[in-house]
Number of protein chains: 2
Amino acid sequence: MHEKLRQHIEKIVPLTDDEFAFISTHFTTKKFKKHQFMIQEGDTVRYSYFVISGLLKLVHTDKGGKPHIVSFAMEDWWESDYYAFFTQTEATLSLECLEDTEVLCCTLEDYNKLCNGLQKMQRFFLEKANFGFLGSQRRIISWLTSNSKERYEQLIKQYPSLMQRVPKSLIASYLGVSRETLSRLSA
Amino acid sequence: MHEKLRQHIEKIVPLTDDEFAFISTHFTTKKFKKHQFMIQEGDTVRYSYFVISGLLKLVHTDKGGKPHIVSFAMEDWWESDYYAFFTQTEATLSLECLEDTEVLCCTLEDYNKLCNGLQKMQRFFLEKANFGFLGSQRRIISWLTSNSKERYEQLIKQYPSLMQRVPKSLIASYLGVSRETLSRLSA
């Protein structure tokens, strides 16, 4: 199962067997059931998660108790409440399984050990962080420049496999539109 | 002037004089006048910029020719069309000076040399990238959960000094509202 992580890292930096053996020691495996929470608001966030299989939603609940989808994560994606993870503060987001899910877990201590112990891994995390930033910037530009129909079409084009697995009501929440609006868009 | 860069980096990683001397060789200085473009759409993006003094706007122009503010940058901020910079593709954003501006410039080649030559600098860029991602995520959550009045108030609270220097019309563009709406909000 760690083999998936190796393939994922090697898309960015090549690894020797020894290097990957070292990396593997910094991850543990966990399994969660559909509807189970991996993080709940107020939790201490212990892990950054690499998704081996399954599907997750990262959710912000507003003051009125309405949930908003911040992001989805599926195979080969990293997910957590990263603000809480990096600053070691309480979670303000929740992370819930939309399918049975298997993840590799890395603590902040192990993240730092990996960065300090193997420059290649720091490089890998730097690339992921840079492209994570660019993905968010793209979403902001999409908000600024596109109407909800265009944003829905961009999403389908960008993540066709994700769209098949995520219920329509959650796609509406991710796009910030009502379910009725989305039904009209996707008709 | 490089001293500002040193102070900025040392907020994250301490440096010896020799290390900073090495870092300095990877930057050049440039000055731009108010209204001057540092990047125009279609340009090859040669540099990541660290702002010594001045104020910039990063702009996406939509198909209808309407400009949208993606972000602002002022003293101690880094800015570029980072997608174009990292992928060495043509700029899809423009970067324009709102004030006379002085920057330190780093090419992608020098960025990579810094990362490979000094693990501390890779660590520094990793921290900046992680918190850049979190800043964008915060803005997305703000879009999903807040109305334009709340977003305006969050912006003033988060960047009071920026708000004093940026014309109202540009703040409206950043928030994705009309100038008339903003006038109502800020009355």
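Predicted model: local features only at pLDDT ≥ 70, side-chain atom pairs only at ≥ 80, totals over all residues.
**Notebook: chains A and B**

I started with residues 30–116 of chain A: this stretch is 17% helix and 47% strand, and its end C-alpha atoms lie 25 Å apart.

**Sheet in chain A**

Next I looked up the strand order. Chain A has an open sheet of four strands, ordered β1-β8-β3-β6, and the pairing is antiparallel. At the edges I found β1 (28–32) and β6 (78–79) of chain A, each pairing on one side only. I then followed β1(A) to its neighbour: it pairs with strand β8 (residues 101–107) of chain A in the antiparallel sense, over five bridges. For one of the residue pairs, I noted that A:Lys30 has A:Val103 in β8(A) as its bridge partner.

**Sheet in chain B**

I went through chain B in the same way. Here, four strands form an open sheet in the order β1-β8-β3-β6, with antiparallel pairing. The edge strands of this sheet are β1 (28–32) and β6 (78–79) of chain B, and each has a pairing on one side only. This time I checked the β6(B) end. Strand β3 (residues 47–53) of chain B pairs with β6(B) over two bridges, in the antiparallel sense. B:Tyr49 has B:Glu79 of β6(B) as its bridge partner.

**Where the chains meet**

Then I turned to the contact between the chains. It takes 37 residues from chain A and 37 residues from chain B. How much area do chain B and chain A bury between them? I get about 3,400 Å², with 68% of it on carbon and sulfur atoms.

I also counted the polar side of things. There are zero salt bridges between chain B and chain A. Residue pairs in polar contact come to 10, counting those with both residues at pLDDT 80 or more.

Which elements of chain B give two or more residues to the side that touches chain A? My list reads β4 (55–61), β5 (67–74), α3 (82–87), α4 (108–117), α5 (119–145) and α8 (168–175) of chain B. The largest share of that side comes from α5(B), with 19 residues. By residue type, the side of chain B that touches chain A splits into 20 nonpolar, 14 polar and three charged.

Technical notes:
Residues numbered from 1 in each chain as written. Chains lettered and ligands numbered in written order. Heavy atoms only, no water. Contact = heavy atoms within 4.5 Å. Buried area = accessible area lost by both parts, 1.4 Å probe. Salt bridge = Lys/Arg side-chain N within 4 Å of Asp/Glu carboxyl O. Polar contact = N/O pair within 3.5 Å; in protein donor to acceptor, adjacent residues only side chain to side chain. Nonpolar A, V, L, I, M, F, W, Y, C, P; charged D, E, K, R; others polar. Pairing = 2+ DSSP bridges.
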